[in-house]
Amino acid sequence: MQRTGERQLGPWMTTAFVVGGMIGAGIFMLPASLAPYGRNAPIAWVVSGLGAVALAFALSSLARRSGGGHGMQAHVEAALGPTFGFLAGFSFWVSVWVSNAAVGITGASALARIVPALSGETSILLVAAGFILFLAIVNALGAVVSGRFAVATTLIKLTPLVGVLVLAGAFTAEGQPMAPLAVMPVTFDNIAGACAIALFALLGFETALAPVDKIRNPQRTIPLAMIGGTAFVATLYLLTTSAIAGLVPAEQLVESKAPFADALVLGLGGLGVAIAVLGMAVSAFGYINGGILISGELGLAMALRGDLPASMTRTRGAGTPVVAQLVASGLALLLIAANASKGTVGLFTFSVLLTTSASLWMYVLCAIAAWRMTSSIGSKAVIFAGIAFVALAFYGSGWEANAWSIVLLLAGLAVRWIIRSRGGSSPEVAETRA
């Protein structure tokens with residue numbers, strides 16, 4: 001049900017949220033993380049891209065067949081019941097606000113490269129907090145304002161990625177040799193490890209499922225945005241990371257703290273560094289913008305069902321879930337403050353592991369729900385491919401990250417039980433309030 005007075009998002013804005021949600025600050029560091037894997041890296045991008053498209057198909061199919069509802073949780077509930085629906089929504093919600101904290105720090109660190117006065121640890125944390133606070137205000141103005149902001153930041157953040165492709169093309173046209181890849185045997189374990197890293201950069205295609213009744217003609221818009229946006233970003237990542245691997249020697253790339261800057265400086269000098277850093281900062285800005293919107297909608301959806309405090313159902317204007325947005329933003333700020341002693345690298349690594357593992361649980365639950373709701377053999381084959389990819393990513397993520405994700409799921413179930421035991425809203429009450 002559309003909330004009165006709320007303008008809805010069309011295909012372009014929805015796709016911008018998908019692309020903007022996927023292209024975060026993480027991709028600007030991944031070439032260095034993937035450099036040691038050598039030939040395993042491009043193979044992992046192909047596998048991860050195909051796996052992500054299969055999952056996008058499963059999630060969009062689920063949204064079409066479940067008839068909409070209040071976000072992702074409703075889609076899984078329709079197939080697997082309220083408990084599994086909650087686990088899918090809760091794991092997604094956690095992954096979004098945790099990644100907002102990490103990306104905020106990464107964006108602030110990027111700005112410090114061109115503004116030395118911001119290079120101190122305290123300054124970086126304050127700028128990161130400022131990012132989140134400012135964008136919480138932007139999102140409070142409504143989904144369409146946030147949607148326009150997403151379109152603008154998506155166009156800007158693409159600049160360094162396209163710049164690397166142009167530079168690699170120019171070097172190739174001039175006959176300059178490309179740097180050799182690192183020497184590492186192509187094995188199942190190495191491909192799985194590279195896939196786990198690559199997956200973090202591909203997270204976010206599910207953002208099209210989260211806005212509560214804000215997408216125009218969702219049966220058509222959601223599949224177009226999710227599948228098209230995912231395929232575009234996966235292809236772009238494969239090309240750009242391969243280009244950087246060919247421009248920057250492997251031994252230098254492994255140690256690089258700004259791979260795109262190290263690549264662009266070869267053709268553009270200091271201007272290339274500025275473009276890369278600005279793109280990284282704007283990318284972080286755009287990612288957090290979408291993250292606050294999504295976390296607010298997810299928080300609202302769970303609160304309407306009595307899974308989170310009833311206060312998070314409060315909205316302003318044309319239905320903007322301000323309280324839920326502020327809660328998620330506040331948790332991201334608390335994570336930054338609580339882990340300040342770890343430094344930027346430690347907090348980013350911790351957040352990446354937490355984000356990826358939590359997202360995997362959400363993906364597998366959505367894929368299983370989609371499997372149960374379709375009778376088409378072809379659709380089941382694609383969905384099965386997505387589930388197989390999730391299993392590969394779990395294996396590549398390692399036991400520690402997976403253990404943390406299980407602890408979080410159990411904590412979420414405990415919170416839900418406490419709220420409901422104290423008289424939280426039932427699903428039936430939530431529907432009447434919506």
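Student: How many helices and strands are there in the chain?

Tutor: The chain has 17 helices and zero strands. Residues are numbered from 1 along each chain as its sequence is written, and side-chain values use heavy atoms, with hydrogens and water left out.

Student: What is the mean pLDDT of the chain, and which elements have the lowest and the highest?

Tutor: pLDDT is the predictor's confidence in each residue, from 0 to 100. The chain has a mean of 77, and 79% of its residues reach 70 or more. A contact here means heavy atoms within 4.5 Å. Where pLDDT is low, the predicted coordinates should not be read in detail.

Student: Why is Trp93 called buried?

Tutor: Buried means under 20% relative accessible area, exposed means over 50%, and partly exposed is in between (1.4 Å probe, protein chains only). Trp93 has a relative accessible area of 6%, so the residue is buried. Trp97, at 14%, is buried as well. Across the chain, 57% of the 434 residues count as buried.

Student: What makes the pair of Trp93 and Trp97 edge-to-face?

Tutor: A pair of aromatic rings is described by the distance of the centres and the angle of the planes. Rings of Phe, Tyr and Trp (its six-membered ring) pair if their centres lie within 6.5 Å; planes under 30 degrees apart count as stacked, over 60 as edge-to-face and the rest as tilted. By this rule there are six aromatic pairs. For Trp93 and Trp97, the centres are 6.1 Å apart and the planes are at 70°, so the pair is edge-to-face. The two residues are four apart in helix H5, which means about one helical turn separates them. Ring pairs also link Phe86, Phe90, Trp93 and Trp97 into a cluster.

Student: Which residues have the most contacts inside the largest nonpolar core?

Tutor: They are Trp45, Trp93, Phe205 and Tyr237, in a core of 119 residues. Helix H5 (residues 82–114) gives the largest share of this core, 16 residues. A nonpolar core is a set of buried Ala, Val, Leu, Ile, Met, Phe, Trp, Tyr and Cys residues joined through side-chain atoms within 4.5 Å.

Student: How do you know that Ala101 is buried, and what is this residue in contact with?

Tutor: Ala101 lies in helix H5, and its relative accessibility is 0%, so Ala101 counts as buried. Leaving aside neighbours within four places in sequence, Ala101 is in contact with Ile132, Ala332, Leu335 and Ile336. Ala101 and Phe131, 30 residues apart in sequence, have their C-alpha atoms 9.7 Å apart.

Student: Why do Ser379 and Asn402 count as buried?

Tutor: Ser379 has a relative accessible area of 11%, so this residue is buried. Its place is in helix H15 (residues 377–397), and beyond four places in sequence Ser379 is in contact with Phe57 and Thr374. Asn402, in helix H16 (residues 399–421), has a relative accessibility of 15%, so Asn402 counts as buried too. Not counting residues up to four places away, Asn402 touches Ser357, Phe394 and Ser397.

Definitions and conventions:
Predicted model: local features only at pLDDT ≥ 70, side-chain atom pairs only at ≥ 80, totals over all residues.
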